[in-house]
Amino acid sequence: MSTFRYARLAPVLILTVALGTASAQTHVTAPPNKYKPADDVKLGQEAAAQVQKELPLLNDGSVDEYVAGIGQRLVRVIPAEYQHPEFRYTFRVVNQKEINAFALPGGPMFLNRGMIEAARDEGEIAGVMAHELSHVLLRHGTAQATKGEKFQIGAIAGQVLGAIVGGTAGSIIANGSNLGLSTYFMKFSREYESQADILGVQLMSRAGYNPQSMANMFKTLAAQGGGGPEFLSDHPNPGNREQRIQQEAKMLNATNNPYGNTAEFQRVQGRLKGMSPALTAKQIEQQSQSRGTTGTAGTTARQVNVEPPSGSLRTYSPNNAMRVSVPANWSPVESGGSSVTYAPQGAYFQGDNGGSAFTHGVEVGVAQGTGNLQNDTNSLLRSFAQSNPQLQQSGNARNENVGGRSGITVQLANVSEVTGQPEYISLSTTELRNGGLLYVIGVAPRNEAGTYDTAFRKVRQNIQISDR
Ligand SMILES: [Zn+2]
């Protein structure tokens with residue numbers, strides 16, 4: 001995947017470098033950093049999992065896709081000097097009213113819905129994202145930790161900090177990197193802010209946007225004033241911010257860049273207007289308290305926030321005899337000797353006892369069989385029931401093809417050990433030529449069964465088996 005991306009990019013980069021020599025630009029040097037890029041990734045992933053548990057994601061495929069499209073446009077033009085192959089850039093929208101955005105080390109970025117609603121054109125959204133992305137590329141979080149400074153923790157939403165500072169911070173901090181939470185929820189120094197502005201302008205310019213939009217967005221933010229946007233307190237003005245952005249844009253000859261998908265921008269803003277209003281930080285905090293999850297994550301019922309299954313598929317080869325295609329936003333989270341589990345981000349949990357569970361996704365595996373599909377499926381069901389006491393069959397078994405072979409699909413009801421909520425399970429089986437039983441278990445919360453059943457069907461129908 002990444003090989004393909006870089007291979008395709010090469011001619012574009014050469015062209016950009018050639019243009020770059022014709023016009024001046026400020027060179028931004030990433031600050032000294034004693035951590036490995038892999039540390040950024042690890043920290044960012046842990047924090048992102050926490051954020052997804054605590055903040056209400058909008059989970060609107062159409063809005064997410066639009067924002068991710070802007071993000072990818074910026075990611076595609078990251079100069080070689082700032083590329084980190086380990087980083088993985090994701091873009092999610094939080095259903096929160098306050099105008100804010102934040103990015104975590106290694107790539108996960110979150111934009112508040114209020115930010116998208118306040119923007120006056122796509123360039124303004126791109127401006128904020130380019131600024132955030134620049135903090136990630138320059139590895140400012142771990143760079144600041146390198147300096148050993150004490151950080152002031154910026155407010156994202158009270159309950160996130162509450163939860164992390166309370167219950168689970170220990171596990172995040174104890175994970176070997178010794179960086180701690182402050183690294184990603186901090187206010188950046190003015191020096192780093194200036195770097196993120198300048199590199200952000202360069203990214204915008206390379207992506208075809210007019211960097212003036214970034215200056216405009218900062219103006220929009222400042223105009224909110226009062227108890228105004230968190231964003232400006234997390235990203236303080238390094239001084240003459242707008243002038244400096246404009247100056248860099250002129251050096252790049254980018255002030256007339258035309259890009260910005262106006263039709264899509266208007267469609268997305270219209271779509272947001274049609275939804276019930278975004279939640280305020282206060283409402284989010286209240287909801288979190290009434291859920292009782294603050295500070296207690298990891299003990300009992302957890303809130304799980306997972307993005308819906310992508311419509312496109314990604315294919316994996318867990319072994320030589322099989323190819324498994326799953327929604328492109330799922331990835332392998334666990335593979336044992338005879339099975340592999342694919343799940344979206346935020347849906348996989350490991351317990352203290354060494355066990356694990358997933359709330360959304362599929363497990364594909366091979367069990368011992370006798371060659372009799374019906375009997376083998378029943379034995380498999382009995383063995384699942386032993387470890388899942390609340391498991392019940394909820395419909396008749398039906399014949400349905402699995403990987404082009406005749407198979408059986410059974411629907412089951414269970415109670416999730418992660419959330420304590422009802423869950424939907426579909427079990428599909430088919431015989432392998434060596435007498436083994438291939439099974440595909442789909443798991444989803446019961447109230448999302450409709451959406452996920454479509455994904456499970458695609459997975460079982462698209463499995464390719466070559467077991468001669
Ligand atoms: Zn910043």
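Modeller: Begin with pairing: two strands pair if DSSP finds at least two bridges between them. Strands (E, at least two residues) and helices (H or I, at least four) are DSSP runs, numbered from the N terminus. This is a predicted model, in which local features need pLDDT of at least 70 and side-chain atom pairs count only at pLDDT 80 or more, while totals for chains, interfaces and linings use all residues. Residues are numbered from 1 along each chain as its sequence is written, and side-chain values use heavy atoms, with hydrogens and water left out.

Biologist: In E10, which residue is the bridge partner of Val 340?

Modeller: Val 340 has Val 364 as its bridge partner in E10. Strand E10 (residues 361–367) runs antiparallel to E7, and four bridges join them. On E7, Pro 344 is the bridge partner of Trp 330; here strand E6 (residues 330–335) is joined to E7 by five bridges, again antiparallel.

Biologist: Are the faces of E7 covered or open?

Modeller: Buried means under 20% relative accessible area, exposed over 50%, and partly exposed in between (1.4 Å probe, protein chains only). In strand E7 (residues 339–344), six of six residues are buried. One side carries Ser 339, Thr 341 and Ala 343, and the other Val 340, Tyr 342 and Pro 344.

Biologist: How do I read a nonpolar core?

Modeller: In soluble globular proteins, nonpolar side chains tend to be buried together. A nonpolar core is a set of buried Ala, Val, Leu, Ile, Met, Phe, Trp, Tyr and Cys residues joined through side-chain atoms within 4.5 Å. The largest one here has 54 residues, and Tyr 89, Leu 111, Ile 116, Ile 125, Met 129 and Leu 133 touch the most other members. Helix H5 (residues 122–137) gives the largest share of this core, eight residues. A second, separate core has 29 residues, including Ala 357 and Tyr 452.

Biologist: And two packed helices?

Modeller: Two packed helices are described by the angle between their axes and the distance between the axes. Axes are lines fitted to C-alpha atoms, for helices over the stretch in contact (heavy atoms within 4.5 Å), and angles run from 0 to 180 degrees between N-to-C directions. The axes of helix H8 (residues 190–206) and helix H9 (residues 212–224) come within 9 Å and cross at roughly 130°.

Biologist: Why are H8 and H9 called oblique to each other?

Modeller: Angles under 35 degrees count as roughly parallel, over 145 as roughly antiparallel, 65 to 115 as roughly perpendicular and the rest as oblique. H8 and H9 cross at roughly 130°, and are therefore oblique.
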